[in-house]
Amino acid sequence: MKFTPKALTPYISARHYFGSEQRRHRENARLSLVQLADIVNFSKSTLARIETAELMPPPELPGALDLAFGVEKHFYGLYQLAKREAHPDQYRRYMDFESQAKVIEDFAITVVPGLLQTEAYARAFFGLAPDLTTEQAETRVQARLARQERLRSTAPPRYAAILDEAMLRRPIGGPEVMHEQLDALLAQSDTRHTMIQVLPFDHGGYPLMEGPLKLLRLPDGRSFAYEEGRKSGHLLEDAEEVDRRRALYDSLRAYALSPKDSAALIRTLRERYESCEPASS
């Protein structure tokens, strides 16, 4: 039986258009999926699912496609639009501001902030959501990894995070995933552009226990706060409201361990997860 490629619907969304453009350029170049897979170093099945918009393109793919087809930043531009669609509507305005921010500050309680998550941790986290299909969860994973590109850019924002000790002790994804995640936190714990502090258990209660908080400062001086809930978030743009959240965040920074002591605690917990790993046979 002759194989018939699945019909595409390019104008439903930017992600669908990205997939249709990949197929159009591939067919114009007379390349099969297998041949393109060899060129861009992605699997045939991944490329096939991207063409039919079943999968969000991984962050490394747009540049590889631009290079393969000789189209300067064509797929890069499509990807910038597509990755925004992977987030709920109420989050998109925050995402726009985050992409411009010169200072990003996170406070998180139960889950490692998205900008610091490893791929395995993100996959384990989204895998817990009962209302997401496997494809939707994978799309969220890839979109989360795409957000992290700014921290690795040549002109990254200044990023700081305060983490409740509880999240470091909760083994999302199991010991091996947590061991890798704590390694990643250590690598960002005190660098030229990043700083991580832990709010220890022995501090007791604090005003922001009801939920995570993000603070942004843009190059033009504007500041924003974003409060997260389980199903939705609230972007605060009023200067007085943002200042109140800033005061709460600053108090937590004063109560948190220093970056050096935070790293020492993270190392101790990493050893705990290492000891839980199954012994090799």
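**Entry 1: S20**

I started at S20 and found this residue in helix 1. I am working on a predicted model. Is S20 buried or exposed? I get 10% relative accessibility, so S20 counts as buried. The cut-off for buried is under 20%. Next I listed the contacts of S20, leaving out residues up to four places away in sequence. S20 touches L8, P10 and E51. I followed E51 next.

**Entry 2: E51 and R23**

What does the side chain of E51 meet in a salt bridge? I found R23, at 3.1 Å from N to O. I then looked up where the two residues sit. E51 belongs to helix 3, residues 44-51, and R23 to helix 1, residues 14-28. The pair therefore ties together parts that are 28 residues apart in sequence.

I checked the burial of both partners. E51 has a relative accessible area of 3% and is buried. R23 comes out at 12% relative accessibility, and I note R23 as buried too.

**Entry 3: R246 and E105**

I moved on to another salt bridge. The side chains of R246 and E105 meet at 2.3 Å, N to O. How many residues apart in sequence are the parts that this pair ties together? I read 141, because R246 lies in helix 11 (residues 239-255) and E105 in strand 1 (residues 103-108).

On burial, I note E105 as buried, with a relative accessible area of 4%. R246 is at 23% relative accessibility and counts as partly exposed.

**Entry 4: R253 and D250**

I stayed in helix 11. R253 and D250 are three residues apart in this helix, so about one helical turn separates them. Their side chains form a salt bridge, with 3.5 Å from N to O.

I then asked which residues are linked in a network of salt bridges. I found E105, R246, D250 and R253 in one such network. E105 brings in strand 1, and R246 brings in helix 11.

**Entry 5: Charges overall**

I counted salt bridges for the whole structure and got 19. Side chains of opposite charge can pair when their charged atoms come close. The protein has 38 positive and 40 negative charges. How far apart are their mean positions? I get 4 Å.

**Entry 6: The whole chain**

I closed with the overall fold. The secondary structure comes to twelve helices and six strands. The C-alpha trace spans about 65 × 55 × 35 Å along its principal axes.

I compared the radius of gyration with the globule rule. For 281 residues, a compact globule would be near 19 Å; I have 21 Å for the protein, which agrees.

Of the 281 residues, 46% count as buried. I also looked at contacts between residues at least 6 apart in sequence: 69% of them join residues at least 24 apart. For the accessible surface I note about 14900 Å². Carbon and sulfur atoms hold 52% of that area.

Conventions:
Residues are numbered from 1 along each chain as its sequence is written. This is a predicted model: local features need pLDDT of at least 70, side-chain atom pairs count only at pLDDT 80 or more; totals for chains, interfaces and linings use all residues. Side-chain values use heavy atoms; hydrogens and water are left out. A salt bridge is a side-chain nitrogen of Lys or Arg within 4 Å of a carboxyl oxygen of Asp or Glu. Helices (H or I, at least four residues) and strands (E, at least two) are DSSP runs, numbered from the N terminus. Buried means under 20% relative accessible area, exposed over 50%, partly exposed in between (1.4 Å probe, protein chains only). The radius of gyration is taken over C-alpha atoms; the globule rule is 2.2 Å times the number of residues to the power 0.38. Contact means heavy atoms within 4.5 Å. Accessible areas come from the Shrake-Rupley method with a 1.4 Å probe; for residues, only the protein chains shown count as cover. Lys and Arg count as positive and Asp and Glu as negative; His and the chain ends are not counted. The place of a charge is taken as NZ of Lys, CZ of Arg, CG of Asp or CD of Glu.
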